[in-house]
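Colleague: Could you walk me through this one? I'd like to hear what stands behind the words you use.

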Amino acid sequence: MGVAALLTAAVLAATPASYVASRQQPDGGFAEAGSRSTPGLTAWAMLGLRAAGQPAGTAHDYLVAHESELQSATDVELAVMAEAATGAVSETLYSRFTALGHPDGRIGPAINSTAWGILAYVQVGRPFKLRVSYLLRHQRRSGGWGWIAGAAPDSNDTAAVIQALRTQGVRGRPIARGIAFLRRLQNADGGFELTAGRGSDAQSTAWAVQAFVAARLKPPAGAFRYLASLRRVDGSYRYSRKYGATPVWVTSQVLPALARKSFPLR
């Protein structure tokens, strides 16, 4: 087989999952080109590969070994989800996670940490019903949610809250209003933007797809066409048509949407 044919075969064989897998480092973690492994990126890669039905090698061991580097509530919750989706959650991490709860239903300090906390509990497989009143109380008049009380709503946090609420059986008006908010952030190119006027990007589009899946609605076909327009020959995804930064992170977040899976992963 000639060089040209080999290159063609390599391009055809490249997939988003294979690209993410190729960025695993000797220590088991995942890193962007020219950078070192980090637990946050590793957790995203683990979730993306799990959604694609692909193994993550020794990433679970790496994440457990680097739990002390996790700082924010959402860092902890993301790691809990990644460990639970690919194995078992360490007792140390789970203790940190359960300590984040508040009597009013908040998990951690904010709306996004509460949504992620609910998703993490369900990913772990906890059987009890979780309180959603805090999230419902902070839905804005527009139908969306911001990352913290008082913040302007955005597509990513709205999608995360929709997924969290759906795990607790919430239907009807709160979900319909959230989906309507997301629809208003879809652009003519088919992609979704973080906030109005910002422009479409891959991650916001992927989050929106996951929200539609969680709500048991058909994701807009234009969203997948937009994502396809961002795919590179190596299987990775650009952040947007203008920017191509952090392809491992972007591609990891796109993978669940491509698989039409919402969080938590099953």
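**Rings and helix pairs**

Modeller: Let's start with the rings: Trp44, Trp116, Trp207 and Phe263 are linked into a cluster by ring pairs. Bear in mind that this is a predicted model, where local features need pLDDT of at least 70, side-chain atom pairs count only at pLDDT 80 or more, and totals for chains, interfaces and linings use all residues. Residues are numbered from 1 along each chain as its sequence is written, and side-chain values use heavy atoms, with hydrogens and water left out.

Colleague: What makes Trp44 and Trp207 an edge-to-face pair?

Modeller: Rings of Phe, Tyr and Trp (its six-membered ring) pair if their centres lie within 6.5 Å; planes under 30 degrees apart are stacked, over 60 edge-to-face, and the rest tilted. Trp44 and Trp207 sit 6.2 Å apart centre to centre with 90° between the planes, so the pair is edge-to-face. Trp44 belongs to helix 3 (residues 39-51) and Trp207 to helix 11 (residues 202-214), so the pair ties together parts 163 residues apart in sequence. Helices here are DSSP runs (H or I, at least four residues), numbered from the N terminus.

Colleague: Why is Thr251 called buried?

Modeller: Buried means under 20% relative accessible area, exposed over 50%, partly exposed in between (1.4 Å probe, protein chains only). Thr251 has 1% relative accessibility, so it counts as buried. It is found in helix 13 (residues 247-258). Trp44 and Trp207 are buried too.

Colleague: Why are helix 11 and helix 13 called roughly parallel?

Modeller: Angles run from 0 to 180 degrees between N-to-C directions, with axes fitted to C-alpha atoms over the stretch in contact. Under 35 degrees is roughly parallel, over 145 roughly antiparallel, 65 to 115 roughly perpendicular, and the rest oblique. The axes of helix 11 and helix 13 come within 8 Å and cross at roughly 25°, so the two are roughly parallel.
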